[in-house]
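Subject: Handing over the structure

Hi there,

Here is the structure I promised to pass on to you. Have a look at it first, and then read on for what turned up.

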Amino acid sequence: MTNRLVLVGPPGAGKGTQAVKLSEKLGVPHISTGDLFRAQIAAQSELGQAVQRYIDEGKLVPDEVTNAMVRERLAEPDAADGFLLDGFPRNIGQADVLGEILREIDHPLDAVIELKVDEDVLVERMLARGRADDNEDVIRHRLGVYRDETAPLIDYYSDQLITVDGVGEVDEVSTRALDALHAKK
Ligand code: ADP
């Protein structure tokens with residue numbers, strides 16, 4: 001079975017877009033920490049106000065906040081049989097916490113999908129999409145954070161890793177990911 005999944009990749013790699021497609025095809029909820037944070041900001045909740053500054057500056061939200069939010073989200077009934085995590089874990093500490101959560105429910109991760117895209121392409125894509133946190137300085141900062149904190153997860157998850165080339169048409173990339181997942185079963 002391949003229903004407890006993590007999607008990793010640098011900002012701008014198309015994780016959000018692919019996560020929506022893959023979660024539909026696989027019938028599991030798409031859980032994006034970026035989307036969860038942005039919804040809290042839009043609702044002007046206490047959590048939203050606490051995280052806004054980090055997001056605007058391209059920094060990671062502190063682990064305590066992020067881990068607690070994910071733990072709660074994964075406890076919701078729709079995630080009981082599977083999920084596709086997008087944007088979490090983003091560092092080794094978060095990966096350790098995810099490991100704990102999964103041990104508690106006695107289900108391991110089935111696969112970690114890495115979306116691979118060159119840095120030049122990433123910057124180009126992010127400048128084109130123009131989200132609030134997509135100006136060049138913030139983008140460079142987010143790419144640095146990815147390199148330093150998130151990329152080590154590729155080794156951490158080497159046993160479960162599926163690497164997918166993230167350059168190409170949206171459908172082409174999702175087909176590659178699905179084929180690789182099925183081949184792993
Ligand atoms: P991108 O993939 O382009 O970085 P996201 O929507 O995944 O966009 O994340 C936007 C911002 O939300 C990040 O720059 C960071 O500030 C915050 N964020 C998202 N996920 C996490 C996480 N797991 N830990 C800490 N901060 C996070």
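Before anything else, please keep in mind that this is a predicted model.

Let me begin with how some of the helices pack. Two packed helices are described by the angle between their axes and the distance between the axes, and I use both below.

The crossing of helix 1 and helix 9 is right-handed. Helix 1 covers residues 15-26 and helix 9 covers residues 170-184; their axes are 10 Å apart and the packing angle is about 50°. These two helices are therefore oblique to each other. On the side of helix 1, the contact is made by T17, Q18, K21, L22, K25 and L26. Helix 9 brings V170, D171, V173, S174, A177, L178 and L181 to it. Sorted by class, that contact holds seven nonpolar, three polar and three charged residues.

With helix 3 (residues 46-56), helix 2 (residues 33-42) makes an angle of about 120°, and the axes lie 8 Å apart. That angle makes helix 2 oblique to helix 3. Their crossing is left-handed. From helix 2, the residues F37, Q40 and I41 meet L47, G48, V51, Q52 and I55 of helix 3. Five of the residues in this contact are nonpolar and three are polar, with no charged ones.

Helix 2 also packs with helix 4 (residues 63-74): the axes come within 11 Å and cross at roughly 100°. Angles of 65 to 115 degrees count as roughly perpendicular, so helix 2 and helix 4 are roughly perpendicular to each other. Here T33, L36 and F37 of helix 2 meet V65, T66, M69, V70 and R73 of helix 4. This contact has five nonpolar, two polar and one charged residues.

T33 leads us on to the ligand. Which residues come nearest to the ligand? Of the 18 residues around it, they are T33, R38, K59, G87 and R90. A polar side-chain atom of T33 lies 2.7 Å from a nitrogen atom of the ligand. G87 takes part through its backbone, where a polar atom is 2.8 Å from a ligand nitrogen atom. Q94 has an N or O atom in its side chain that sits 2.9 Å from a nitrogen atom of the ligand.

Finally, there are two backbone details to look up when you open the model. What kind of peptide bond joins F88 and P89? The bond is cis, with omega at about -5°. P89 is in the loop between strand 3 (83-86) and helix 5 (92-105). The other detail is Q44, which has a positive phi of about 50° although it is not a glycine. You will find Q44 in the loop between helix 2 and helix 3, the pair whose axes are 8 Å apart.

Happy exploring, and do write back with any questions.

Best wishes

Note on methods: Residues numbered from 1 in each chain as written. Predicted model: local features only at pLDDT ≥ 70, side-chain atom pairs only at ≥ 80, totals over all residues. Heavy atoms only, no water. Axes fitted to C-alpha atoms, helices over the stretch in contact; angles between N-to-C directions. Helix = DSSP H or I, 4+ residues; strand = E, 2+ residues; numbered from the N terminus. Parallel < 35°, antiparallel > 145°, perpendicular 65-115°, else oblique. Left-handed = near helix turned anticlockwise from the far one by under 90°. Contact = heavy atoms within 4.5 Å. Nonpolar A, V, L, I, M, F, W, Y, C, P; charged D, E, K, R; others polar. Near = heavy atom within 4 Å. Polar contact = N/O pair within 3.5 Å; in protein donor to acceptor, adjacent residues only side chain to side chain.
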